[in-house]
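Visitor: I would like to go through this structure step by step. Could you guide me?

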There are 2 protein chains.
Amino acid sequence: MPDFKLDTRLKGDSHPVVTLGLCRLRLMDDARWPWLLLVPQRAGLVEIFDLSPLDQTLLTFETDLVAKALKHLTGCTKINVGSLGNQVRQLHVHVIARREGDAAWPGPVWGHGEREPYEKSSADALIASLRAAL
Amino acid sequence: MPDFKLDTRLKGDSHPVVTLGLCRLRLMDDARWPWLLLVPQRAGLVEIFDLSPLDQTLLTFETDLVAKALKHLTGCTKINVGSLGNQVRQLHVHVIARREGDAAWPGPVWGHGEREPYEKSSADALIASLRAAL
């Protein structure tokens with residue numbers, strides 16, 4: 001099996017947070033929403049059902065962990081979880097903290113307007129809080 | 001624990017397909033995309049992490065089953081899976097067959113334009129195919 005290599009677009013749009021058992025956890029560089037990406041470190045996969053049953057269970061466990069931490073940190077109204085991959089095919093799962101009245105509420109965040117990169121200090125602070133919460 | 005009762009908006013926007021171990025499977029009444037809903041039959045839950053670890057594993061298993069069947073039936077380009085709940089809070093998971101050039105491609109389907117209900121015969125035929133594929 002070929003080695004896993006993070007997709008260049010996912011890499012360019014996000015910051016590393018931590019590596020979990022299955023996934024790399026990354027923070028999307030978009031200050032409009034606290035928005036995380038889980039990327040299973042398995043090469044060549046596109047759909048969740050391309051993962052083995054054990055890896056699907058790990059992904060479920062890691063999504064649960066990350067979603068709870070994000071809810072706790074942000075006190076958001078609703079967590080949005082999604083795996084679309086219409087633009088970037090490398091399998092990845094979005095975990096996003098949504099708040100009533102946020103930039104896209106109540107619609108989805110994907111494809112909404114233009115990304116607003118973080119100030120470096122804000123991204124660093126959020127990443128530190130996430131690491132502490134996990 | 002109170003009895004599970006399907007949210008009235010979810011009920012009004014979709015047709016029953018089959019009941020699985022954990023979830024009711026429903027077909028969204030929108031002919032623009034083959035679009036399924038999995039609704040765990042647990043009362044009062046909002047987030048995936050509100051499910052017990054066992055129920056989360058069941059949900060993962062049932063999502064896998066349904067996504068594979070939908071991919072097989074439609075030959076779609078990409079399966080989209082999402083749990084948003086910004087408008088309807090009762091926990092539900094969307095499984096949608098996407099094709100390059102479809103009505104919202106490559107954006108998400110949620111909040112895109114107006115729902116286009118099926119002709120009754122088309123919905124019945126798709127539901128029969130889904131039951132056979134599961």
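Visitor: Let us start where the two chains meet. How many salt bridges are there across the interface of chain B and chain A?

Guide: This is a predicted model, and across that interface the rule finds 2 salt bridges. One of the salt bridges in the model pairs the side chains of A:Glu47 and B:Lys78, with 2.8 Å from N to O.

Visitor: And which elements of chain B supply residues to the side that touches chain A?

Guide: Helix α2 (53–74) and strand β4 (78–83) of chain B each supply at least two residues of that side. The most comes from α2(B), which gives 7 residues. By type, the residues on this side of chain B divide into 10 nonpolar, 11 polar and 7 charged.

Visitor: How many residue pairs are in polar contact between the chains?

Guide: The count between chain B and chain A is 17 residue pairs, with both residues at pLDDT 80 or more.

Visitor: How much area do the two chains bury between them?

Guide: Chain B and chain A bury about 2600 Å² between them, and 55% of that area is on carbon and sulfur atoms. On the chain B side, B:Phe49, B:Lys78 and B:Asn86 supply 25% of the area buried against chain A, more than any other three residues. B:Lys78 is also the residue that forms the salt bridge with A:Glu47.

Visitor: How many residues does each chain bring to the contact?

Guide: Chain B brings 28 residues and chain A brings 28 residues. Of the interface residues of chain B, 100% are also interface residues in chain A, so the copies meet through the same surface.

Visitor: What rotation superposes chain B on chain A?

Guide: A rotation of 180° does so, with 0.0 Å of shift along its axis and an RMSD of 0.0 Å. That is the relation of a two-fold axis.

Visitor: Which residue of chain B comes closest to that axis?

Guide: It is B:Gly82, whose C-alpha is at 2.0 Å from the rotation axis.

Visitor: Back to β4. How do the β4 strands of the two chains run, parallel or antiparallel?

Guide: Strand β4 of chain A, residues 78–83, and β4(B) run antiparallel, and 3 bridges join them. As an example, A:Val81 has B:Ser83 as its bridge partner in β4(B).

Visitor: Now within one chain. Which strand of chain B is joined to β1 by 5 bridges?

Guide: Strand β1 of chain B (residues 14–19) is joined by 5 bridges to strand β2 of chain B (residues 23–28), and the two run antiparallel. They form a hairpin with 3 residues between them. Within this pairing, B:His15 has B:Leu27 as its bridge partner.

Visitor: Salt bridges again: how many are there over all chains?

Guide: The structure holds 18 salt bridges over all chains. One within chain A joins the side chains of A:Arg42 and A:Asp55, at 2.7 Å from N to O. This pair links distant parts of the chain, 13 residues apart: A:Arg42 is in the loop between β3 (35–40) and α2 (53–74) of chain A, and A:Asp55 is in helix α2 of chain A.

Visitor: One last topic. Where are there cis peptide bonds?

Guide: In chain A, a cis peptide bond joins A:Trp105 and A:Pro106, with omega about -5°. A:Pro106 is in the loop between β5 (93–98) and α3 (120–133) of chain A. In chain B, a cis peptide bond joins B:Trp105 and B:Pro106, with omega about -5°. B:Pro106 lies in the loop between β5 (93–98) and α3 (120–133) of chain B. For context, most peptide bonds are trans.

Key. Residues numbered from 1 in each chain as written. Chains lettered and ligands numbered in written order. Predicted model: local features only at pLDDT ≥ 70, side-chain atom pairs only at ≥ 80, totals over all residues. Heavy atoms only, no water. Contact = heavy atoms within 4.5 Å. Buried area = accessible area lost by both parts, 1.4 Å probe. Salt bridge = Lys/Arg side-chain N within 4 Å of Asp/Glu carboxyl O. Polar contact = N/O pair within 3.5 Å; in protein donor to acceptor, adjacent residues only side chain to side chain. Helix = DSSP H or I, 4+ residues; strand = E, 2+ residues; numbered from the N terminus. Nonpolar A, V, L, I, M, F, W, Y, C, P; charged D, E, K, R; others polar. Pairing = 2+ DSSP bridges. Least-squares fit on C-alpha atoms with pLDDT ≥ 70 in both.
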